[in-house]
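Morning, everyone. Please have the sequence and the model open.

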Amino acid sequence: MALDQSFVGRTYPPTAPYEVGREKIREFAEAIGDANSAYTDQEAAKALGHPDVIAPPTFVFAITFKAAGQVIEDPQLGLDYSRVVHGDQKFAYTRPVRAGDRLSVTSTIEAIKSLAGNDILDIRGEVHDETGEHVVTAWTKLVSRAPEEARP
């Protein structure tokens with residue numbers, strides 16, 4: 001069943017603040033194999049003009065995807081998450097994510113399309129710090145695969 005087009009433009013409430021910790025940044029940098037010292041060494045980050053260590057660009061995916069859960073779990077939308085695959089991810093930064101940031105995400109459904117029986121859902125996550133400063137916008141594309149019997 002196709003997703004309801006009337007959901008395009010729907011915005012969900014901001015998430016509770018997520019506090020970015022140095023250890024989480026270090027663990028993430030290690031997990032992705034990025035040895036940039038600005039991610040692990042406070043002095044190296046300060047030498048680059050940052051007040052504390054910064055996070056790798058894809059770090060914010062963890063909080064924006066969790067925020068997108070409000071969309072995914074919306075029973076009125078009717079998305080069958082068991083059929084969903086992650087289609088694409090993009091980020092546009094105003095500034096890097098820093099240790100000590102308290103970030104909230106507001107998710108908006110930007111587009112819903114149907115293609116060959118598959119539903120394609122585009123979600124924009126606006127990330128702001130506790131002062132209201134914009135940090136990054138993340139776009140997540142989810143593809144809900146058509147059931148076998150509905151595929152062309």
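I will start with the overall chain and then go through the rings.

First, this is a predicted model, so keep that in mind for every value I quote. The protein chain has three helices and five strands. In sequence order, the pattern is β-α-α-α-β-β-β-β. Along the principal axes, the C-alpha atoms occupy a box of roughly 55 × 30 × 20 Å.

The protein chain has 152 residues, and 41% of them count as buried. Taking contacts with a separation of 6 or more, 69% are between residues 24 or more positions apart.

Now the rings. How many aromatic pairs does the structure hold? There are three, and I will go through two of them.

The pair to look at to begin with is F28 and F59. Is it stacked or edge-to-face? The ring centres are 5.5 Å apart and the planes meet at 85°, so F28 and F59 are edge-to-face; the cut-off for that label is over 60 degrees. As for location, F28 belongs to helix 1, residues 22-32, while F59 is in the loop between helix 2 (42-47) and helix 3 (61-72). The pair therefore ties together parts that are 31 residues apart in sequence.

F59 has a relative accessible area of 7%, so F59 is buried.

Then there is F91 with Y93. Their ring centres are 6.3 Å apart and the planes are at 40°, which makes the pair tilted. F91, with a relative accessible area of 24%, is partly exposed. Y93 is also partly exposed, at 31% relative accessibility.

One last item is a charge over a ring. Which residue lies over the face of F7? That is R10, at 3.9 Å from the ring centre.

To recap the rings: F28 with F59 is edge-to-face, F91 with Y93 is tilted, and R10 lies over F7. That is what I have; questions are welcome.

Technical notes. Residues numbered from 1 in each chain as written. Predicted model: local features only at pLDDT ≥ 70, side-chain atom pairs only at ≥ 80, totals over all residues. Heavy atoms only, no water. Phe/Tyr/Trp six-rings, centres within 6.5 Å; stacked < 30°, edge-to-face > 60°. Helix = DSSP H or I, 4+ residues; strand = E, 2+ residues; numbered from the N terminus. Buried < 20%, exposed > 50% of the residue type's maximum accessible area, 1.4 Å probe, protein only. Lys NZ or Arg CZ within 6 Å of the ring centre and 35° of its normal. Contact = heavy atoms within 4.5 Å.
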